[in-house]
Each structure stands twice: as C-alpha cells, then as structure tokens.
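Subject: Structure for you to look at

Hello,

Here is the structure I promised to pass on. Please open it first, then read my notes beside it.

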Amino acid sequence: MREVVVSAPAKINLCLGVGAARPDGFHPLATVYQAIGLYDQVIARSVDDGTFSVAVEGDDRLSISEVPVDGTNLAMRAARLLAARHGIADGVHLTIIKGIPVAGGMAGGSADAAGALVACDALWGTSTSREELRAVAAELGSDVPFSLVGGTAIGTGRGEVVTPAMARGSYWWVVLESEKGLSTPEVYAEFDRIHSTKPPGEPAVPDALMAALRRGDIEQLGAAMSNDLQPAALRLRPELEQSLAYGVEGSAHGAIVSGSGPSCLFLAEGQPHATQVAGWLKGYGLGPVSFAPGPVPGARVVTR
Ligand code: C5P
C-alpha cells in the first residue's frame with residue numbers, strides 16, 4: 001500500500017472541570033468531549049528510505065504557517081512512535097490538510113496525531129489493537145486518545161482516560177474563530193494565577209449536563225455547559241466575552257469558550273438554526289464563522 005487518507009475530527013468540551021496542578025504539572029480534568037464535523041485530513045505516503053517528513057496545507061486564515069514541520073510536529077512524533085513500537089524501518093511522508101483552527105482550543109494537533117496513528121497503522125499493515133493505539137495516543141497528548149475514539153465521551157486523568165458517554169441527540173455547533181490562537185500552557189498558567197489564593201476543588205462533570213445528554217434536551221444542555229478555563233481565556237482575550245454575548249443574542253442555546261480557547265462555540269438546533277446563528281455572528285465581523293454537526297466518529301480511514 002502506497003497511500004492512506006484519514007479524516008480526523010475537531011473536539012469540543014461540553015464541560016471542562018479543572019483541578020489544581022499535579023506534581024507533574026498537568027491538571028486533573030473532568031470533561032465531556034464531543035467530536036464535531038470539522039476535519040483535518042492526514043495523508044500518509046510510503047517512503048522506503050527511513051525518513052519522516054510532514055507538510056501542511058490549507059487556508060491560511062487557519063494560521064497553518066504556525067504548525068511546525070520539523071520533528072516537534074505531533075503527527076510526525078506519532079508516526080515515529082508507532083514505527084518504533086513495531087520495528088518499522090520505512091519512513092513516511094505525511095500531508096496534513098487543515099480544516100480545524102490552529103491553536104483554537106479544538107485539539108487540531110491532537111486530531112493530526114490520531115490521524116497519523118490510524119494512517120500509518122493502515123499503511124504499514126501493523127494492525128495495532130485499539131487499546132494499544134490509545135496507549136500510544138496518551139503518550140502524545142492529553143486529547144489524542146479522544147481524537148481516536150470520537151463521539152461523546154467522558155475524559156478524566158489529564159484528559160487521556162476516555163469512557164464513552166450515554167448521550168442522545170445530534171447537535172449543531174457554530175464556531176467563531178479568532179485570527180490569533182492561544183497557547184494551551186499559557187491558559188493553564190493563567191488558570192493557576194486566578195486560583196493562587198483559592199485553590200480549585202476536585203473537578204467533576206455536572207449532573208445536569210449528563211442528564212441533558214441522556215435526554216437529548218438541547219435547552220438543558222445549553223444551560224449546563226461550563227468551562228473552568230473560560231475565565232483564564234477571557235483574561236487573556238477580554239473581547240471574547242462580547243462575542244459570547246452576541247451569540248446568545250443571536251438565539252444560540254448556549255455559548256462557551258472551546259477548551260483553552262480562543263474559538264467560541266454556540267449551540268444550535270439543526271442546520272437551519274446553525275445557519276441563522278452563524279449569519280448573526282458574521283454580521284459583527286468578529287472573525288471566521290463556520291458550523292458543524294456533532295457527535296461524529298473519531299479518526300477514520302477514508303481511502304487507501
Ligand atoms: O497534553 P497536551 O500536550 O495537550 O498538553 C499541552 C499543555 O497543556 C501541557 O504541557 C500543560 O501545560 C497543559 N495541560 C495541563 N493539564 C492538562 C492538559 C494539558 O496543564 N490536563
């Protein structure tokens with residue numbers, strides 16, 4: 001096999017509970033992830049000279065020039081890790097076609113890593129079990145295991161322990177991007193500063209959110225969404241507060257900063273409503289606006 005194409009979705013956090021930093025520097029999380037229909041494509045092409053390389057393509061509004069193309073690229077690290085695990089001597093050339101905002105709080109880098117794992121596994125015929133892939137994914141980053149699994153799932157540990165959630169209903173998410181991304185470690189550092197005098201409690205998933213998902217109740221879901229990183233993201237980007245308010249004014253059922261931000265998410269009921277909310281937000285000229293359904297499956301081979 002010479003080439004495999006994988007599609008890997010963006011993630012959002014319907015809730016994101018964050019505790020006090022652990023001795024290893026990571027924060028304990030209690031989150032509900034959902035994969036949504038904004039995708040990066042990862043194309044893995046065989047090379048037999050043992051080299052690993054990566055190229056990034058896509059609309060530069062997504063800040064693709066900020067994605068590293070050296071050995072620090074998460075997709076390339078994923079490919080190397082899988083090759084080492086299976087004693088694969090071949091290299092690979094990866095092409096990433098970005099559809100997910102870079103540094104937007106939507107796990108674009110994690111999607112690329114998950115996509116590279118699935119693509120290289122198919123390319124090399126290594127038939128790695130899902131469980132083993134998840135273990136490799138967890139070594140690469142907190143959100144990478146979820147990017148493999150997709151759907152709606154609870155995340156604990158530092159986010160890497162993923163359990164599928166009982167969830168009904170399908171939703172539409174309007175995404176407002178920012179021209180400039182936010183660094184996840186910087187947002188966590190701001191979270192630590194906010195909590196320096198009053199440490200956060202144990203993170204937990206709100207019961208009301210799980211009840212809303214079990215019932216597929218969109219209004220209850222909108223009201224129950226929460227993000228402990230939002231105050232930190234708003235301190236770094238105060239203008240996002242107004243963006244969230246515009247979305248609610250434009251009839252979204254809920255508005256929240258996505259993960260560590262700065263992308264903002266607005267909950268809509270069906271595509272026509274998503275189109276309406278997106279149109280409202282576009283009227284303010286705040287940044288690129290798109291919309292996508294959720295939940296969708298995790299990283300998947302689309303052609304080989
Ligand atoms: O795991 P990942 O590489 O995505 O994390 C990026 C950074 O975000 C970490 O280096 C850490 O600073 C921060 N982080 C954290 N607690 C988590 C997840 C990420 O502090 N649970």
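**Two cis peptide bonds**

Proline 295 sits in the loop between strand 11 (289-294) and strand 12 (300-303). The peptide bond that leads from glycine 294 to proline 295 is cis, and its omega is near 0°. Before you go on, note that this is a predicted model.

There is another cis bond to find. It joins glycine 261 and proline 262, with omega at about 5°. Proline 262 belongs to the loop between strand 9 and strand 10. Why point these bonds out? Most peptide bonds are trans.

**Two alanines with positive phi**

Most residues other than glycine have a negative phi. Now look at alanine 103. Its phi is positive, about 50°, although it is not a glycine. Alanine 107 also has a positive phi, of about 60°, and is not a glycine either.

Where is alanine 103 found? Look in the loop between strand 4 and helix 2 (108-124). Alanine 107 lies in the loop between strand 4 and helix 2 as well.

Is alanine 107 buried or exposed? Alanine 107 has 11% relative accessibility, so it counts as buried; the cut-off is under 20%. Alanine 103 is partly exposed, with a relative accessible area of 34%.

Next, find strand 2 (residues 29-47). Of its 19 residues, 14 are buried, so the rest of the structure largely encloses it.

Which strands pair with strand 2? Take them one at a time.

- Valine 4 has alanine 44 in strand 2 as its bridge partner.
- Strand 4 (residues 91-97) pairs with strand 2 over 7 bridges, also in the antiparallel sense. Here valine 47 stands opposite glycine 91 of strand 4.
- Strand 5 (residues 152-156) is joined to strand 2 by 4 bridges, again antiparallel. Tyrosine 33 stands opposite alanine 153 in strand 5.

**From strand 4 to strand 3**

Strand 4 has a parallel link too: 6 bridges join it to strand 3.

Strand 3 (residues 52-57) has two faces to compare. Phe52, Val54 and Val56 make up the covered face. Ser53, Ala55 and Glu57 make up the uncovered one.

**From strand 5 to strand 6**

Strand 5 is joined by 4 bridges to strand 6 (residues 161-164), and the two run antiparallel. Threonine 156 stands opposite valine 161 in strand 6. The two strands form a hairpin, with 4 residues between them. Glycine 157, in the turn, has a positive phi of about 70°.

**The ligand**

Now turn to the ligand. The space it takes is the largest pocket.

Which residues are around the ligand? They are Gly25, Phe26, His27, Leu29, Gly141, Ser142, Arg158, Thr184, Pro185 and Tyr188. Helix 5 (residues 184-194) gives the most to this shell, with 3 residues.

- The side chain of histidine 27 has an N or O atom 2.7 Å from an oxygen atom of the ligand.
- The side chain of serine 142 has an N or O atom 2.5 Å from an oxygen atom of the ligand.
- Arginine 158 uses its backbone: an N or O atom there lies 3.0 Å from a nitrogen atom of the ligand.

How much of the ligand does the protein bury? Taken alone, the ligand exposes 450 Å², and the protein buries 73% of that.

Threonine 184 is one of the residues around the ligand. Its side chain also makes a polar contact of 3.2 Å with the side chain of serine 260. Serine 260 lies in the loop between strand 9 (255-257) and strand 10 (264-268). With a relative accessible area of 7%, serine 260 is buried.

Last, look at histidine 253. It is in the loop between helix 9 (240-249) and strand 9. At 24% relative accessibility, histidine 253 counts as partly exposed. Histidine 253 and phenylalanine 266 are 13 residues apart in sequence. In space, their C-alpha atoms are 7.1 Å apart.

Best wishes

Note on methods. Residues are numbered from 1 along each chain as its sequence is written. This is a predicted model: local features need pLDDT of at least 70, side-chain atom pairs count only at pLDDT 80 or more; totals for chains, interfaces and linings use all residues. Side-chain values use heavy atoms; hydrogens and water are left out. Buried means under 20% relative accessible area, exposed over 50%, partly exposed in between (1.4 Å probe, protein chains only). Two strands pair if DSSP finds at least two bridges between them. A residue is near a molecule or strand if one of its heavy atoms lies within 4 Å of it. A polar contact is a pair of N or O atoms within 3.5 Å; within protein, one must be able to donate a hydrogen and the other to accept it, and residues adjacent in sequence count only if both atoms are side-chain atoms. Accessible areas come from the Shrake-Rupley method with a 1.4 Å probe; for residues, only the protein chains shown count as cover. On a 1 Å grid over the protein atoms alone, a cavity is a set of points where a 1.4 Å probe fits but cannot get out, and a pocket is an open set with protein on both sides within 12 Å along at least five of seven lines; lining residues have an atom within 4 Å of a point. A molecule sits in a cavity or pocket if more than half of its atoms lie within 2 Å of its grid points.
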